[in-house]
Amino acid sequence: MLTQLASMVDLMMVGSIGGSEDPNLGAMALSAVGLTNQPKFLLMTAFIAMNTGVTALVARYKGIGDKERANLVVRQGLLFTFVATIFLSVIGVAFAKPMVLFMGSTDDTVTLWATQYLQIQMAGFLTMALTSTITASLRGVGDSRSSMYYNLIANLVNVLFNWLLIYGNLGMPALGVAGASLATVIGQLVAFAIAMVLILRGNGFLKLEFKKGFRMQRQMMGNILNIGVPSMVEQVLMRVGMIIFAKTVASLGTTAYATHQVCMNIQALSFMTGQAFAVSSTTLMGQSLGKKRPDMAEAYCRRTRTIGFLVAILIAVVFIFWGGDLVSLYNSQPEIVEAGAQIMLLMAFLQPLQTSQFIIAGALRGAGDTRATAVITTITVLIVRPTLAALLVYVAKIGLIGAWIGMACDQFLRSVLVLLRFQSGKWKTIRIKDEKA
């Protein structure tokens, strides 16, 4: 939540470019940042998916009590992330402008700002990726406190440099949208430095030791990829679907896309709560199965869903009564605030389903059942969401709200399918190869 709140502040500061004198500049800045999100997340799929395997396996070995293999997972994960991210960073920097244009940018200024923002993000990609792998490892042993601390510090650094570099305070250059991107990279660098210190010191179970080397170990890398590759397919398909969806929204114009970006950013706050409980579900599922206790895994999942449901209700209440106020914090244009308030009402009713879906999917990933979640994502995000959004926007002609109704249908169907998969109990039969390295 702290990470997402910092992201919200980040976007609010970007949206305030031009101030009350020219709020359209703020809308253009919001659109520029929004156009970079899906290309960036698409490039992140490789190590995000691999991190799923890292968390699941570290949790499983934690349950068994095998430190040696748990730490081998960490080293193999960092090796994969390093190699993959170097390659992806080069692609991101070189093809930033074509990706922005592909996302539907038609304004020269928005295209320039978005290209600068994405290139800076890609140049700093490595530290963010390595930090995420360390975070995934720590979560596998139930240590989410450490990542909370270093991400909080990084977020404070990010906001400080936003203030310095977006507006040019204290003699710093006023870089606008590019300054926001540079501030994010600086914050990520700080998080990486702290995360490295923590994992090198060790936490009683995990400890990164360079002397043991980073040579690829086929058995363990195979175990990681066996879980991670289906998750990567899921992430890629999801991003393709979301890119199609985003292009549909971008065709509605700068103001509509700025509204969409604001609402997506606010929705991401509710995502964070669902994903936070999903982390608990993933970790506890892996540790319980490591102890050969599927009954314990089911009990943890039920309890986690109950807590997540209560939090989702609280968020829904906030969205219903103060949705328009939240939108106005980003940009004060009446069209953006009015349309955003309508979308927030729709988002409110999705909260319980969305949170339950994240938690159950997290449990399935903790069990290594990533193939099923990949199939479900293909059906819902790649087919249902963009198809319904296109029909409601282009045929029914109900604008931005139509696109969000398509998203709501996707969320509902995905929640039902994930629940049915969990209730089938097939995740209890998944095994990993436990040979000594």
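A surface patch, as the word is used here, is made of residues with over 30% relative accessible area and no salt bridge, in which like charges are joined within 9 Å and nonpolar side chains (Val, Leu, Ile, Met, Phe, Trp, Tyr) within 5 Å. A salt bridge is a side-chain nitrogen of Lys or Arg within 4 Å of a carboxyl oxygen of Asp or Glu. The structure is a predicted model, in which local features need pLDDT of at least 70 and side-chain atom pairs count only at pLDDT 80 or more, while totals for chains, interfaces and linings use all residues. Residues are numbered from 1 along each chain as its sequence is written, and side-chain values use heavy atoms, with hydrogens and water left out.

On the surface, a nonpolar patch is formed by Phe 309, Leu 310, Ile 313, Val 317, Val 318, Ile 320, Phe 321, Trp 322, Leu 345 and Phe 349, which together have about 970 Å² of accessible area (Shrake-Rupley method, 1.4 Å probe, with only the protein chains shown counting as cover for residues). Two or more residues each come from α12 (294-328) and α13 (334-366); helices are DSSP runs of H or I with at least four residues, numbered from the N terminus. Helix α12 gives the most, with 8 residues. Val 317 is found in α12, and its relative accessible area of 36% makes this residue partly exposed, that is, between buried (under 20%) and exposed (over 50%), with a 1.4 Å probe and protein chains only.

Thr 81, in helix α4 (residues 67-94), is buried, with a relative accessible area of 0%. A polar atom of the Thr 81 side chain lies 2.9 Å from the backbone oxygen of Gly 77. Ala 250, in helix α10 (residues 218-250), counts as buried at 13% relative accessibility. The C-alpha atom of Ala 250 is separated by 7.5 Å from that of Ser 105, 145 residues apart along the chain.

Methods: A polar contact is a pair of N or O atoms within 3.5 Å; within protein, one must be able to donate a hydrogen and the other to accept it, and residues adjacent in sequence count only if both atoms are side-chain atoms.
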